[in-house]
Amino acid sequence: MKAYGLTIATRTYFGNRCVEEALKKERTIIGKKSLLITTGGALKRLGFVDEITGWLDAGVVCYDKVTANPDVVEIREAVRLGKEHGVSSVIGFGGGSAIDAAKAAAVGIVSDIDVEDYLLKGITPPENTLPIIAIPTTSGTGAELSRGAIISSREKKVKSGIRGEKVAPAVAIVDPTYTFSLPLDVTMEAGFDVFAHGAESYCSVNANPFSDMLSEKAIRIVGETLPRLSKNINDRDAREMMSFASHIMGYNVRDVGNCLPHRLQYPIGTATETSHGAGLIALYPAWMEHEQGVNRERVDRTLDWLGCKKAVSAGERIKEWLDNLNLSRTIMELGNTLTVQELTGSVTGNLKNDKLADEEGIIAKLYRESM
């Protein structure tokens, strides 16, 4: 059995309507004043933002201009607010974008280094990075546990991460009821991201017996519940199970990591301003087809757990599953205008977590076949 280590520094609360009690228990971490970072929009209209601020004994400063692919310009404004008001913690309330923006702001508020330098130069977040409290409202990213803040520099045409132990949230509060009002497209695309975390952590070079157990559980949940949600968006039991699957994949994202699709999606997201899940969906038939060549048993097992019908190849199996959920799309259908060469040149980060990365020219090949 492969040896492994497990580090879980984030305190977690999970359950319907658990947020108020959790925030009260975490008064010490939150401190006297907190910066609440959110995407605004529906969360404000539904009264959720006011609800959160009402539960905080501390003073609250709110930044609600975060976009689907948070840019360094947005982070700088959040940092300015945080410094101006002398906040002692940062709360990310929303999808992965809001949580990642909160992580980046928590770094920037205590530093004289511009947040873009952290992004482009790979600077390690400082030890005094502010405590981060993550409250996700989607089932997909696992950002409430990960050690990365994924942000963009549209000016530099880069989407990558500020990474380090200090950007892992101190507290994660996962309340599935926040996902009950999500529209179908967000639900399905974020749900596919849960599967992607399961599949990639299972196929990862760093996979271990503990992460394998979590991967199998999450993939089986997605295979059962995402088709249910495609037919009945109000299936609350399915919503709760997807929140659980998303959350446990946060442990794998944190300690095991992902494979090539996550790295290849970032340039697509920057170029098309589409969701992380949408880009992954476009890449997956090609990736699974080629990954099967270097990881056959694990890819086949993954697709069996998902409930894919038997077909000639892994790419065809996942494509048929996506077709049945009306999720299939190509990179060009997402609005891409970049060439394969331009996309390939924009890929950043460590690729060696995927056995497939050793194949010469594989990144360009995956982009080309996903067009």
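Reader: Which residues does Tyr13 touch, not counting residues up to four places away in sequence?

Author: This is a predicted model. In it, Tyr13 touches Cys18, Ala22, Lys25, Glu26, Val171, Ala172, Ile173 and Val174. Contact here means heavy atoms within 4.5 Å. Tyr13 itself is placed in strand β1, residues 11-14.

Reader: Why is Tyr13 called buried?

Author: The relative accessible area of Tyr13 is 18%. Buried means under 20%. Tyr13 therefore counts as buried.

Reader: What makes the pair of Tyr13 and Glu26 a polar contact?

Author: The two side chains meet at 2.5 Å. The cut-off is an N or O pair within 3.5 Å, so the value passes.

Reader: Why is Gln292 called buried?

Author: Gln292 has 9% relative accessibility. The limit is under 20%, so Gln292 is buried. Gln292 lies in helix α12. Leaving aside neighbours within four places in sequence, Gln292 is in contact with Val299, Asp300, Ser313 and Ala314.

Reader: What does the side chain of Gln292 have at 3.3 Å from one of its polar atoms?

Author: The backbone nitrogen of Ala314. That distance falls within the 3.5 Å cut-off for a polar contact.

Reader: How many aromatic pairs are there, by the ring-centre rule?

Author: The count comes to nine. One of them is Phe192 with Tyr284.

Reader: What makes the pair of Phe192 and Tyr284 edge-to-face?

Author: Two values decide. The centres are 5.1 Å apart, and the limit for a pair is 6.5 Å. The planes stand at 90°.

Reader: Why does the pair of Phe192 and Tyr284 tie together separate parts of the sequence?

Author: Phe192 lies in helix α8 (residues 184-203) and Tyr284 in helix α12 (residues 276-294). The parts are 92 residues apart in sequence, so the pair ties them together. Both Phe192 and Tyr284 are buried. They also belong to one aromatic cluster, with Phe195, Trp287 and Trp321.

Reader: How do you know that the charged end of Arg298 is placed within reach of the ring of Tyr202?

Author: The charged end of Arg298 sits over that ring, 4.2 Å from its centre. The distance limit is 6 Å. The angle must also be within 35 degrees of the ring normal.

Reader: Which residues have the most contacts inside the largest nonpolar core?

Author: Phe195, Ile318, Trp321 and Tyr367. That core has 59 residues. Helix α12 gives the most to it, with nine residues. Apart from it lies another core, of 28 residues, among them Val66, Ala78, Ala104 and Leu119.

Reader: What does Tyr367 touch, not counting residues up to four places away in sequence?

Author: Its contacts include Leu264, Pro267, Ile268, Leu283 and Ile331. Val340, Leu343, Thr344 and Val347 are also touched by Tyr367.

Reader: How do you know that strand β5 is mostly covered?

Author: Five of its five residues are buried. Ile132, Ala134 and Pro136 point one way, and Ile133 and Ile135 the other. In a regular strand, side chains alternate between the two faces of the sheet.

Reader: What makes strand β4 and β5 a pair?

Author: Five bridges join them, and they run parallel. At least two bridges are needed, so β4 and β5 pair. Gly92 stands opposite Ala134 in β5.

Reader: What makes β5 and strand β8 a pair?

Author: Here there are two bridges, in the parallel sense. The rule asks for at least two, so β5 and β8 qualify. Ile133 stands opposite Val171 in β8.

Technical notes
Residues are numbered from 1 along each chain as its sequence is written. This is a predicted model: local features need pLDDT of at least 70, side-chain atom pairs count only at pLDDT 80 or more; totals for chains, interfaces and linings use all residues. Side-chain values use heavy atoms; hydrogens and water are left out. Helices (H or I, at least four residues) and strands (E, at least two) are DSSP runs, numbered from the N terminus. Buried means under 20% relative accessible area, exposed over 50%, partly exposed in between (1.4 Å probe, protein chains only). A polar contact is a pair of N or O atoms within 3.5 Å; within protein, one must be able to donate a hydrogen and the other to accept it, and residues adjacent in sequence count only if both atoms are side-chain atoms. Rings of Phe, Tyr and Trp (its six-membered ring) pair if their centres lie within 6.5 Å; planes under 30 degrees apart count as stacked, over 60 as edge-to-face and the rest as tilted. A nonpolar core is a set of buried Ala, Val, Leu, Ile, Met, Phe, Trp, Tyr and Cys residues joined through side-chain atoms within 4.5 Å.
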